[in-house]
Amino acid sequence: MVCDHSYFVSLTQTAYMCGYVLAGCFKFLSDKFGRRKMTLIALTIEITGCLSCAFSFSIYQYIISRFIQSFGRILGGLGALG
């Protein structure tokens with residue numbers, strides 16, 4: 001997918017880190033809705049991102065899927081920590 005366009009690798013890593021940072025802004029939701037509920041929601045978001053990565057048809061879908069995956073992963077981790 002990225003043989004001719006090597007900048008897609010950096011773009012994928014950037015999207016992952018943007019999801020990581022954005023999820024940090026939403027850690028207050030675990031206090032509002034409860035840790036268990038937020039952990040289940042975050043797990044659902046992460047699984048959706050993982051499945052979308054696995055079955056992506058284009059590099060753009062893959063990049064967006066990696067963003068969703070990292071958002072769910074970090075949101076669940078922060079929600080569990082409280």
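**Labels and cut-offs**

Author: The model is predicted. In it, Glu46 and Arg73 form a salt bridge, with their closest N and O atoms 3.0 Å apart. The two lie 27 residues apart in the chain, Glu46 in helix 3 (residues 35–54) and Arg73 in helix 4 (residues 59–81).

Reader: What makes the pair Glu46 and Arg73 a salt bridge?

Author: The label requires a side-chain nitrogen of Lys or Arg within 4 Å of a carboxyl oxygen of Asp or Glu. The closest N and O atoms of Arg73 and Glu46 are 3.0 Å apart, so the pair qualifies. A search of the whole structure finds one salt bridge.

Reader: Why is Glu46 called buried?

Author: Its relative accessibility is 17%. Buried means under 20%, so Glu46 counts as buried.

Reader: How do you know whether Arg73 is buried, partly exposed or exposed?

Author: Arg73 has 36% relative accessibility.

Reader: Why is Phe28 called partly exposed?

Author: Its relative accessible area is 45%. Exposed requires over 50% and buried under 20%, so Phe28 is partly exposed. Phe28 sits in the loop between helix 1 (7–24) and helix 2 (29–33).

Reader: Which residues make up the largest nonpolar core?

Author: Seven residues do: Ala23, Leu29, Met38, Ala42, Phe71, Ile74 and Leu75. Helix 4 gives the largest share, three residues.

Reader: What is Ile74 in contact with, leaving aside its neighbours within four places in sequence?

Author: Ile74 is in contact with Tyr20 and Ala23, those neighbours set aside.

Key
Residues numbered from 1 in each chain as written. Predicted model: local features only at pLDDT ≥ 70, side-chain atom pairs only at ≥ 80, totals over all residues. Heavy atoms only, no water. Helix = DSSP H or I, 4+ residues; strand = E, 2+ residues; numbered from the N terminus. Buried < 20%, exposed > 50% of the residue type's maximum accessible area, 1.4 Å probe, protein only. Core = buried A, V, L, I, M, F, W, Y, C linked by side-chain atoms within 4.5 Å. Contact = heavy atoms within 4.5 Å.
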